[in-house]
Amino acid sequence: MKLWIKVLILLSLVCNFTPYHQIAEAEQMSAQKKKGKKVPQEVQDGLARVISVSPELAALALESTDFWEGSGYYGPDLWKFSFVDPKEKEDSHVYAEVELDAKSGRLFEFEIVNVLPEPTKPPSDDTAKRVANSFLAGVWGDYANHYRLREIEVVTSEYDVEVERPVKTMVTYEFFIQGIQVERFDIQVTVDGNGRVIELRNDAILSPDPSQFPDPHRALSSSKANEIYKRLLDMSLVYVWKKEKDDQDGRPALIYEPRFQDGAIDAFSGEITNEVNSRIDQKPELLSLKQPQGIPLVAKSRREAEKLIAKEFGVSTKGLRYVRDSYQNADDEEEDPYIFYRWKSAAKSKKRVYVSLLVERQTGRVVEYEYDEGISLPKQKVSYQDAQRKALETITRYVGKGTDEILLTYSRSPFIEEDYPDWIDPEEEQTYPEFMNYSFAYHHRHQGIEVAFSRYSVEINPETGKLSSLSLEDESLQHLPNPDGVIPADQAAENYAEANPLQLVYQWPTYYGQVRPSPILLFVPKYYEISWVDPYTGNYERKE
């Protein structure tokens with residue numbers, strides 16, 4: 001939480017303060033406060049540097065000095081200096097704020113408003129770059145060398161509102177240590193048409209010292225990391241449904257899909273790190289189906305839906321209130337390919353129940369069923385093994401009679417304990433399960449290859465063992481591409497790793513309000529995107 005501790009209020013505003021008068025008075029009055037904090041010399045020096053490169057501050061009067069006790073997650077400990085126009089008595093529209101890191105005295109954020117004349121146009125890119133560079137060098141000295149220019153763009157909108165007449169330009173910089181980017185530590189410097197810096201915004205959680213970062217020379221070599229990367233990719237053939245720009249319906253396609261796309265590799269151990277969000281898709285498991293029944297699930301009306309729910313899922317809708325969706329009375333109702341039936345318990349009911357059935361409008365084929373008893377935090381009364389058995393029995397009832405095997409591609413229990421790093425102290429509200437039920441996903445196979453768009457998903461209530469949800473995406477397996485002539489999986493991994501290589505980055509992990517004591521060095525894919533390899537051409541492709 002942000003805790004603001006007021007340590008100084010200058011009640012009298014004096015015209016024409018010099019910068020050093022302002023600093024001296026701030027120091028003197030803060031020292032007089034018995035319970036207040038004394039402004040450190042490093043912070044006084046930092047404020048002097050800001051004023052020296054922004055002379056507009058000299059014309060303003062220091063109104064207050066605040067100490068901001070940061071949490072690390074929301075920012076470091078800061079000294080905040082507020083300035084106003086001494087000529088305006090109340091509700092001044094002219095003001096400036098300077099925030100300095102309490103430990104180092106470095107400028108953290110800066111804003112000056114309505115001090116300069118209103119410009120008529122934004123500065124040129126060259127001017128914006130020159131002014132921003134000069135400002136950073138003036139307030140930070142050699143520390144500014146850690147920032148590299150990323151982009152320059154005219155500010156055309158603010159707070160999601162388009163600016164009628166743009167008059168300022170934003171210059172964005174990325175933060176580097178020993179030539180390695182520190183992710184999410186960017187800054188934005190705004191230069192107005194007068195050629196003056198009017199704002200500095202900082203995305204970082206703190207103002208770090210270069211000595212805090214681990215030595216990159218001890219990291220694994222790029223070739224070693226790349227071998228680990230290719231092994232983690234574990235490319236596998238998958239049938240997917242692809243939609244091209246000129247093809248709204250789409251078509252089935254065969255791709256090589258990586259299991260590892262999202263996450264990071266520890267630069268020293270070569271292991272997938274739990275310090276940041278990392279995910280490797282579950283390796284599919286082939287399961288045998290005994291005597292699949294192929295029971296059709298069809299409901300062409302609300303009455304048929306109620307009968308089906310009672311017969312197949314053992315749930316009565318009697319006593320529940322039917323919910324009529326507004327879109328079902330719309331003029332374009334026939335354009336919607338689905339009908340959504342919903343029932344829920346009365347508002348005064350002691351037990352909250354929600355039941356829904358989604359069906360195809362044309363055929364009545366059931367696409368999805370859901371039953372929710374409103375359990376806020378489940379207790380494990382049914383084992384994972386029993387839930388998995390129940391899920392497979394459910395699938396066996398509805399898959400086609402000719403299906404003798406199916407792939408289990410995903411399984412999840414809400415009772416699996418997360419593997420937290422040592423620096424994280426999870427609290428009860430932070431460990432609230434993302435999923436309330438046991439969850440399982442199954443896919444059909446064609447010629448031994450997973451079909452991603454023909455899918456069943458099942459959720460089992462961990463307290464009652466009842467079916468909580470069933471999703472049926474049982475699509476046709478006809479007209480699938482022939483897998484003959486595809487490149488080997490090893491070659492696909494090679495091509496993928498070449499097109500989306502690993503890069504070294506620093507990250508400073510956070511978790512809710514907690515911050516890792518020090519940054520870490522990671523290997524991460526260069527592009528965070530949904531991507532794959534064409535198995536016929538070997539080309540790297542990505543989702544547009």
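Reply: Start with handedness. A crossing is right-handed if the near helix is turned clockwise from the far one by less than a right angle, and left-handed if anticlockwise. Keep in mind that this model is predicted.

Me: In which hand does α2 pass α3?

Reply: The crossing of α2 over α3 is right-handed.

Me: What numbers describe two packed helices?

Reply: Two things are used: the angle between the axes and the distance between them. Take helix α2 (residues 41-53) and helix α3 (residues 125-140). Their axes cross at roughly 150 degrees and come within 8 Å. Angles over 145 degrees count as roughly antiparallel. So α2 is roughly antiparallel to α3.

Me: Which residues of α2 and α3 meet?

Reply: From α2 come Arg49, Val50 and Val53. From α3 come Phe135, Gly138 and Val139. Sorted by class, this contact has four nonpolar residues, one polar and one charged.

Me: At what angle do α4 and α7 pack?

Reply: The angle between helix α4 (residues 222-233) and helix α7 (residues 489-499) is about 125 degrees. Their axes lie 9 Å apart. The pair is therefore oblique. The hand is right-handed as α4 passes α7. On the α4 side, the contact uses Asn226, Tyr229, Lys230 and Leu233. On the α7 side, Ala493, Glu494, Tyr496 and Ala497 take part. The classes are five nonpolar, one polar and two charged.

Me: Now the empty spaces. How is empty space found?

Reply: A probe the size of a water molecule is rolled over the atoms, and this shows where empty space is left. Here the count is one cavity of 30 Å³ or more. The largest cavity has a volume of about 50 Å³.

Me: Which residues line the largest cavity?

Reply: Among them are Leu107, Phe108, Trp140, Tyr143, Tyr147 and Phe185. Asn202 and Ser207 also line the largest cavity. By class, its lining has nine nonpolar residues, two polar and no charged.

Me: How much space lies in the second largest pocket?

Reply: About 630 Å³. The second largest pocket is lined by 25 residues. Closest to its centre are Ile112, Glu158, Lys168, Ile198 and Glu199.

Me: Which strands supply at least two residues each to that lining?

Reply: They are β5 (107-113), β7 (157-158), β9 (168-177), β10 (180-192) and β11 (197-202).

Me: And how does the lining of the second largest pocket divide by class?

Reply: Into 13 nonpolar, four polar and eight charged residues.

Terms used. Residues numbered from 1 in each chain as written. Predicted model: local features only at pLDDT ≥ 70, side-chain atom pairs only at ≥ 80, totals over all residues. Heavy atoms only, no water. Axes fitted to C-alpha atoms, helices over the stretch in contact; angles between N-to-C directions. Helix = DSSP H or I, 4+ residues; strand = E, 2+ residues; numbered from the N terminus. Parallel < 35°, antiparallel > 145°, perpendicular 65-115°, else oblique. Contact = heavy atoms within 4.5 Å. Nonpolar A, V, L, I, M, F, W, Y, C, P; charged D, E, K, R; others polar. 1 Å grid on protein atoms, 1.4 Å probe; cavity = no way out; pocket = protein on both sides within 12 Å on 5 of 7 lines; lining within 4 Å. Points joined across faces, edges and corners; volume = space filled by probe spheres on them.
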